[in-house]
Amino acid sequence: MTYLAKPRLHHPALPVNKLGYTRRDYEGKVSTLCAGCGHDSISAAIIQACWELDLEPHRLAKLSGIGCSSKTPDYFLGNSHGFNAVHGRMPSVATGANLANRDLVYLGVSGDGDSASIGIGQFAHVMRRGLNMTYIVENNGVYGLTKGQFSATADRGSKSKRGAVNADSPIDLVSLALQLGATFVARSFSGDKRQLVPLIKAALAHRGAALIDVISPCVAFNNHAGSTKSYDYVREHNTAVNRLDFWPSRDAITVNYGEGEAIDVLQHDGSVLRLCKTHAEYDPTERLAAMDLIARHQAKGELLTGLLYLDPGAEDLHQHLNTVAVPLNSLGTADLCPGSQILERINASLR
Amino acid sequence: MKRIEAVNDFVVKFANINGSGSASANELFAKSFMRMGIPVSPRNIFPSNIQGLPTWYEVRVTEKGHLGRRGGVDLMVAMNPQTWNSDLEEIEPGGYLFYDNTRSIPASRFRDNINVIGMPLTEICNSTYTDARERQLFKNIIYVGALSAMMDIDPEAIAELIGEQYRGKEKLLKPNLNALQMGRNYAQEKLTGQLGLKARRADAVGDRIFIDGNSAAALGCVYGGATVCAWYPLTPSSSLAEAFQRYCSRLRVDKETGRNKFAIVQAEDELASIGMVVGAGWNGARAFTATSGPGISLMQEFIGLAYFAEVPATIIDVQRGGPSTGMPTRTQQSDVLCCAYASHGDTKHVLLFPEDPAECFEFAAAALDLADRLQTPVFVMSDLDIGMNQRLCRPLQWDDSRAHDRGKVMIREELEAGCEFGRYLDVDGDGITYRTYPGTHSTRGSYFTRGTTKDRYARYSEQGPDYIDNVQRLLKKFETAKSLVPRPVLTPSRRPARFGVIHYGSTGPAMHEALEALAEMNVHVNALRVRAFPFQDEIAEFVAAHSKVFVIEQNRDAQLKSLLVNEAGIGPANLISLLHYDGTPITARFITREISQIAAALNVRPIKKDKAA
């Protein structure tokens, strides 16, 4: 269906953001996923988040691996460069891309097979390196494109559509990312746009590795009774630790959030996250507490969602490598080549 | 008994235990000849181990400048009891054994057709030093001192080298000079006239430099403008990435800010290192990785993606003995086919074959240009023999008027002016299309990069005609590459020749020595050194111009020959493979013996002195 162009016409009264773009300007091609797929809701949330953030679409690079989830970058931000890499290896491509040009925003979209099975090695290392990127896992616990096999995030005891029961322990990407040193860790649900959009905005503004694990039911292969990643199951077992609002810079805070108990978290770039806490004792800047709470809820069969951990003073890979402020891909021969005189000196030292 | 008597033309081999500090002493020995104007060609023969296993350092002293391995040993410095028997076997009849005679060794453990020189090294060290580490380290310098005296090496030359080595570490300088002198004194008193191998000042080194191929390739990457290096430690390639780090720290730090104009990542594995190179190349930075055969095996999938999606990537393969873990510390040219056709599906990749460190420098820089120009992976096919051994070679050169070739990149102004952009649209007819860097223009020039089939505008397609259009264009691009890669180098015989020889890479020095030896035997051959794949037409023409052509390779399966037959339309009946693949560098002796024997058998007429073979 991707050859069917969406009509460019839109209603003249559609709201525009600060750049003068409508939400439509952030769309991509028509999705070829199944009707009702959770992934399409995530694409919509990405579009909403980028529009609200006044991001220039072409200053974002979208990268993915292989699978249903990895097809989605074609369905949002049509004016961005995209890279559909090889299965499970999006993180390394994103790392190289980011090293080449630190000025773009990097959004990686992956799935549970792509990140927790074949790509768990690269997932782990990109988290521990602190690459400045937003890493969204569209997690449905199943291989959709190859028709319904279990992935490594499928819960033990969950049933496949054909009736097979999964006996293997599940991998929890959120816990793993926390242990590996990710500096922004969140979990959400594709059906909860109100929670998801601010999380994506905050992740895009975060400088460092930002993971959002989004439970995203597969309507074709994992939305039946016995599945622990179906719409019904997730709605029943979802426990949110907080509600989030996000301002790109400190000056923009004009709204009085008010309800419940709230805390502000200031990020490196001046952006502010306001968390309305539904769990009174929860402080998302405590890594160990986050790991503990996640594990406790997991034991009860509950999915803890929201912003689970944030290191507001995070550093990224470019800081670790002490690279120059300008993108490396903008450096020319004069910047990079030491010239013949220095080479002659090197020659002299080798005699 | 007969004694080998030689001046400036012999082979000395040191048998040591790795981790014993012998490497720097042995290197000192090798370099002292060069300071006297005599070329040397040293080789490390080392185990895949850090401490305790046998290691050898072979120094070929060669006034004629034959830098290949010769084969045979004229003087064995036997410092490792573990390998005593096999070390003794290697000595040429009439050659010499130098050993530590502190403990007496029964006569049965020697050979009777060699000359034995004993020196009580342990005893001297134990009576001079109390510290165990000093006893070990200075033992190495003492034997270098003794050998230098016996060989008439200029003491000033060695003292100068030690001075350079310990510049700024004066505390170490004096004891080293003392140890050297102690060895010299002993030899002058007790060992005079025992060794027939002598050094005599010459003028045969010229302005050549002494560098290993990995360092030279790393410098080539610095000069070639690489900004991103992603790698995973793997012998024999690790020292390349480490040298890149070292040179960048010196040459690529912004003076004002102290910040780096480079990014080096030691990746978690080779899958990630090539992925990072592909990501950086896609995003407009010049990127490379250094690896060896096992790494190439792991990188196959990404190489296919880079070929099909047309992303620049430079891969330096420092080849070692394969398959599997193979011989990690031995040399081979056995990744030729694996690299030429890397990945599943129909692929062909550009390969460059450097002969020595100078070409490692040039080809590394050229590969970065070619990768950008051709938007495809480019391989520099080095090997352990070139990569990890210091070699005399011509000085590295850079033309300051040379700008990095970034290839066909459509920029913002062109997009703004309305230039038509199709990522896979061949506007120039050379198979190479225009690309844009991500982030160039707000509404034009963006595209989706993928490993699946696409049309000329980068749109997903499962249509047969789109697929064929695309892969045929890739073939056209490969044809274009022929005119861009280094041309082969012909060494014509001085006399008309029926036979030709094709060789590549590190075989070069041994080949040139063999050509001289063959000419003396009245066997005349024209030699063509292939420097790149795809093959230019002149390679097939060269084969057609000779009745038989020897193809010399350092692998079992005649990989370059297969590639010549497959890709250059050459009939296999015209080619005779000479294969050397035990992991040691190929020697002139091997090539000479094989070619002369086969040439004699092929000559129907008896060989007459005035007839060319």
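This briefing covers the domains of chain B and the interface between chain B and chain A. The model is predicted, so local features need pLDDT of at least 70 and side-chain atom pairs count only at pLDDT 80 or more, while totals for chains, interfaces and linings use all residues. Residues are numbered from 1 along each chain as its sequence is written, chains are lettered from A in the order in which they are written, and side-chain values use heavy atoms, without hydrogens and water.

**Domains of chain B**
- Chain B is assigned domain 1 (6-198), domain 2 (211-393), domain 3 (408-470) and domain 4 (489-602); the bounds come from an automatic or database domain assignment.
- The centres of domain 3 and domain 4 of chain B, taken over C-alpha atoms, lie 43 Å apart.

**Extent of the interface**
- In chain B, 67 residues are in contact with 55 residues of chain A (heavy atoms within 4.5 Å).
- About 5,200 Å² is buried between the two chains, 60% of it from carbon and sulfur atoms; this is the accessible area (1.4 Å probe) lost on putting the two parts together, summed over both.

**Specific links**
- Two salt bridges are counted between chain B and chain A (a side-chain nitrogen of Lys or Arg within 4 Å of a carboxyl oxygen of Asp or Glu).
- E268(B) forms a salt bridge with R129(A), with the closest N and O atoms 2.8 Å apart.
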